[in-house]
Amino acid sequence: MQRVRRHRNALWPRLSAGLLAAVLLPGAGIGFQDNRVMVVSVSGIRPMEEAVEGLREGFGQSPPWFVDLKSPSGESELAEALRKAPPRIVVTVGMDALKTVAAHPSAVAILATMVLRSDGAAILAEASRHPVVRRVAAVYLDVPAGDVAPELRALFPGKHRIGALHNPSREGHSDTQWQARLRQQGFVVEVREVGRPEELLRSFLSLKRKVDFVLLSPDSSLYNEATVKPLILASLENQLPIVGFSASFVRAGAAVGVYPEFHDIGLQAAEAVHRFLAVPADFSDETPRKLSVGVNAQVLRLLGLEPHASAGHAVVPIK
């Protein structure tokens with residue numbers, strides 16, 4: 001699978017400056033650990049590891065304290081640190097890390113990454129209500145529909161009708177502001193509320209001939225191995241293209257996917273930590289700033305769709 005090209009030339013000036021400071025300034029050094037920051041993650045999961053790589057790059061010559069919960073001493077190391085010498089902020093990478101850190105009675109601030117709003121918001125809200133008051137925020141994986149739509153317009157300029165399946169019981173899915181934003185952008189929007197997996201196919205097919213694409217949002221209560229395959233087949237049989245939310249969804253048969261670039265999620269989280277350490281009041285939720293757009297060329301051909309050749313962003317062919 002091809003990846004979106006990353007531009008890392010900007011890193012060299014920072015490294016050069018650090019080397020120069022080490023030579024010229026008394027007491028200056030390279031690679032000292034920043035004990036104000038801890039990163040808690042679980043190794044062995046590629047997207048999580050990409051985010052951790054971004055965090056390492058974002059902290060440059062002052063790396064934080066990294067704790068891998070999969071290591072034999074990971075959980076005990078975390079517990080001892082939070083009890084004896086807590087950092088100012090803990091960055092959690094993934095749901096397992098967030099749940100583990102949030103369960104500890106500590107005043108340390110939490111920045112969650114690599115989690116969906118529907119999964120992480122309740123945990124962070126509960127953590128913020130703990131008797132030991134702490135600040136919480138997240139760099140969520142959810143890509144707002146208002147950010148997905150311009151990517152579709154760039155690829156398919158003549159398509160302006162968007163359908164969406166949303167679960168009203170999931171956090172953030174009942175908000176209608178995104179619909180207004182799409183309409184302001186010139187799109188016609190059709191929304192179907194789907195609360196149960198058995199409603200999925202019927203709601204999807206109700207959009208036939210009414211929309212050019214059906215936008216799906218990440219939702220583990222709706223999308224699984226049992227529901228995705230019939231949905232993909234219905235998409236192909238009824239000429240109703242799906243816009244998925246991951247590379248794996250595109251590989252399974254979605255026509256297009258718009259999803260975060262995980263390495264940049266790590267960079268974004270590192271920048272949020274730097275802002276927090278400088279100005280603690282500047283601490284709030286964020287959504288992905290850099291997106292990957294994946295396409296399934298075979299499915300596009302079957303659906304008679306031709307991406308616009310002059311689209312001004314990188315597109316990843318998924319095989």
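**A walk around the model**

Guide: Arg209 is exposed, with a relative accessible area of 67%. Keep in mind that this is a predicted model.

Visitor: OK, where is Arg209 placed?

Guide: Arg209 sits in the loop between α8 and β8. Its phi is near 65°, a positive value in a residue other than glycine.

Visitor: Is Met114 buried or exposed?

Guide: Met114 is buried, with a relative accessible area of 6%.

Visitor: Let's zoom out. How many helices and strands are in the chain?

Guide: The protein chain has 12 helices and 12 strands. It has 319 residues, and 49% of them count as buried.

Visitor: What about the surface? What share of it belongs to carbon and sulfur atoms?

Guide: The accessible surface comes to about 15,600 Å², and 54% of that belongs to carbon and sulfur atoms.

Visitor: And for contacts with a separation of 6 or more, what share comes from residues 24 or more positions apart?

Guide: That share is 72%.

Visitor: Pick a helix for me. What can you say about α9?

Guide: Helix α9 covers residues 225–237, so to speak 13 residues, and reaches 19 Å from its first C-alpha to its last, close to the 18 Å expected at 1.5 Å a residue.

Visitor: Which residues of α9 are buried?

Guide: Thr227, Val228, Leu231, Ile232, Ala234 and Ser235 are the buried residues of α9. They cover an arc of only 165° around the axis, which puts them on the same side of α9.

Visitor: What covers them?

Guide: The cover over the buried residues of α9 includes α8 (200–205), β8 (213–216), β9 (242–244) and α10 (247–252).

Visitor: And which exposed residues are on the face turned away?

Guide: On the face of α9 turned away from its buried side you find the exposed residues Glu225, Ala226, Lys229 and Glu237. Ala226 has a relative accessible area of 62%. Its C-alpha is separated by 9.2 Å from that of Pro197, 29 residues apart along the chain.

Visitor: What caps the N-terminal end of α9?

Guide: Asn224 does, with a side-chain oxygen 2.9 Å from the backbone nitrogen of Ala226. Just after α9, Gln239 takes a positive phi of about 55°.

Visitor: Switching to charges. How many salt bridges does a search of the whole structure find?

Guide: The search finds 15 salt bridges. One of them joins the side chains of Arg46 and Glu49 at 3.7 Å, N to O.

Visitor: How are Arg46 and Glu49 placed along the helix?

Guide: Both are in helix α2 (residues 46–59), and being 3 residues apart, they are separated by about one helical turn. Arg46 is partly exposed at 43% relative accessibility, and Glu49 is partly exposed at 29%.

Visitor: Which pair links distant parts of the chain?

Guide: Look at Arg117 and Asp285, whose side chains meet in a salt bridge at 3.8 Å, N to O. Arg117 is in helix α5 (residues 117–128) and Asp285 is in the loop between α11 (262–278) and β11 (291–295), 168 residues apart. Arg117 is partly exposed, with a relative accessible area of 26%, and Asp285 is partly exposed at 40%.

Visitor: What does Glu199 pair with?

Guide: Glu199 forms a salt bridge with Arg196, with the closest N and O atoms 3.1 Å apart. Glu199 counts as buried at 17% relative accessibility, whereas Arg196 is partly exposed at 45%.

Visitor: Last one: where does Pro288 lie, and what does it touch?

Guide: Pro288 lies in the loop between α11 and β11, and it counts as buried at 7% relative accessibility. Leaving out residues up to four places away in sequence, Pro288 touches Tyr140, Leu141, Asp142, Val143, Pro260, Ile265 and Gln268. Pro288 and Gln268 are 20 residues apart in sequence and 8.0 Å apart in space, C-alpha to C-alpha.

Notes. Residues are numbered from 1 along each chain as its sequence is written. This is a predicted model: local features need pLDDT of at least 70, side-chain atom pairs count only at pLDDT 80 or more; totals for chains, interfaces and linings use all residues. Side-chain values use heavy atoms; hydrogens and water are left out. Helices (H or I, at least four residues) and strands (E, at least two) are DSSP runs, numbered from the N terminus. The expected span of a helix is 1.5 Å times one less than its number of residues. Buried means under 20% relative accessible area, exposed over 50%, partly exposed in between (1.4 Å probe, protein chains only). The arc is that of the directions from the helix axis to the C-beta atoms. Contact means heavy atoms within 4.5 Å. A polar contact is a pair of N or O atoms within 3.5 Å; within protein, one must be able to donate a hydrogen and the other to accept it, and residues adjacent in sequence count only if both atoms are side-chain atoms. A salt bridge is a side-chain nitrogen of Lys or Arg within 4 Å of a carboxyl oxygen of Asp or Glu. Accessible areas come from the Shrake-Rupley method with a 1.4 Å probe; for residues, only the protein chains shown count as cover.
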